[in-house]
Structure formats: structure tokens, C-alpha cells
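Please consider the sequence and the model shown below. The paragraphs that follow lead through a few of its helices, loops and contacts.

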Amino acid sequence: MEGMKLLIIDDEVEFAATLCQRLRLRSIDAVDAHSGGTGLAILAEVNPDIVILDLKMHDMSGLDVLAEIKAYDASIEVIMLTGHGSVRAGLEAREKGAFAYIIKPVDLPDLLIKIYAAAEKQNEATK
């Protein structure tokens, strides 16, 4: 998936920075933001194909951020990540258009499978 752009929105600064760095080592153009507001503020600048989004952040709910991302551009695939997941939140995320809902801690190989699947779905939709 050459040229894929990814935005990580997570208020766990160390987690987001480490994940961003590990994705860049795999030639994925990744940028991190550490709040929902910051992520939305740079959304147009980054123009991501995929967003990895934390469910619970100090300034905004990930579900609210998801709704704003989809209102901005419905083709952006969003993978929700959370350490505080519930079946209800997972269902709500899927209803609002999330591609996947993953409980932390997540293994990088498993996350990469979801990222590539989301990119594939997006490519199929734009053909």
C-alpha cells in the first residue's frame, strides 16, 4: 500500500508516538495527534487514508471524533482502539462507520492486518 497516509489520534502520548514510529519503519506515512481536537484540527492537512482512533480521550469521545471524521470525508477508514472497550461501544463505533474496533493491548502484526484490510477496502471503493 504505497503512499498510504495514516493519522493516529490517541491521548496516550507515548503509545501514539511509539506506534507512529513503528509504522514509519514499515514505510507507512504516519502522523500522531494527542487529543481529539488536535486530530480534527490537522485532519485536512494530513489528509489521511486511515485513522487509528482512541475511544476515550481527555477532551472528546472517540465516537464524537469518528462522527466528525466521517462527516468530513466518509471514505476515510477508521480503526478504533481502546483500553476500556465494551460490546456496546464496539457496536456504536461500527454503526458510525468504524472499519474495526480493537481492544488494547494490540499486537503490531494484528494491527497491520487491519490497516492493510482497511486500505484494501478503501481502494475497492474508489475503483
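Predicted model: local features only at pLDDT ≥ 70, side-chain atom pairs only at ≥ 80, totals over all residues.

Which residues in helix 2 and helix 3 meet? Gly-36, Leu-40, Leu-43 and Ala-44 in helix 2 meet Val-65, Glu-68, Ile-69 and Tyr-72 in helix 3, where contact means heavy atoms within 4.5 Å. The residues of this contact comprise six nonpolar, one polar and one charged. In this division, Ala, Val, Leu, Ile, Met, Phe, Trp, Tyr, Cys and Pro count as nonpolar, Asp, Glu, Lys and Arg as charged, and the others, Gly among them, as polar.

Residues are numbered from 1 along each chain as its sequence is written, and side-chain values use heavy atoms, with hydrogens and water left out. Helices (H or I, at least four residues) and strands (E, at least two) are DSSP runs, numbered from the N terminus.

The axes of helix 2 and helix 3 (residues 62-72) come within 10 Å and cross at roughly 10°. Helix 2 is therefore roughly parallel to helix 3. Axes here are lines fitted to C-alpha atoms, for helices over the stretch in contact, and angles run from 0 to 180 degrees between N-to-C directions; those under 35 degrees count as roughly parallel, over 145 as roughly antiparallel, 65 to 115 as roughly perpendicular and the rest as oblique.

Within helix 2, the residues Gly-36, Gly-39, Leu-40, Ile-42, Leu-43 and Val-46 are buried. Buried means under 20% relative accessible area, exposed over 50%, and partly exposed in between (1.4 Å probe, protein chains only). Their cover includes strand 1, strand 2, strand 3 and helix 3. Asn-47 is partly exposed, with a relative accessible area of 43%.

Ser-27 is found in the loop between helix 1 and strand 2 (29-33), and with 65% relative accessibility it counts as exposed.

Helix 5 (residues 108-125) has 18 residues and reaches 25 Å from its first C-alpha to its last, close to the 26 Å expected at 1.5 Å a residue. The expected span is 1.5 Å times one less than the number of residues. Leu-108, Leu-111, Leu-112, Ile-115, Ala-118, Ala-119 and Gln-122 are its buried residues. Why do they lie on the same side of helix 5? They cover an arc of only 125° around the axis, taken from the directions from the helix axis to the C-beta atoms. Pro-109 and Ile-113, on the other side, are exposed. The buried residues pack against strand 1 (5-9), helix 1 (13-24), strand 3 (50-54), strand 4 (77-82) and strand 5 (100-103).

Strand 4 contains Glu-77, which is buried at a relative accessible area of 5%. Leaving aside neighbours within four places in sequence, Glu-77 is in contact with residues including Ala-118 and Gln-122. Finally, the loop between strand 5 and helix 5 holds Pro-105, joined to Lys-104 by a cis peptide bond with omega of about -5°.
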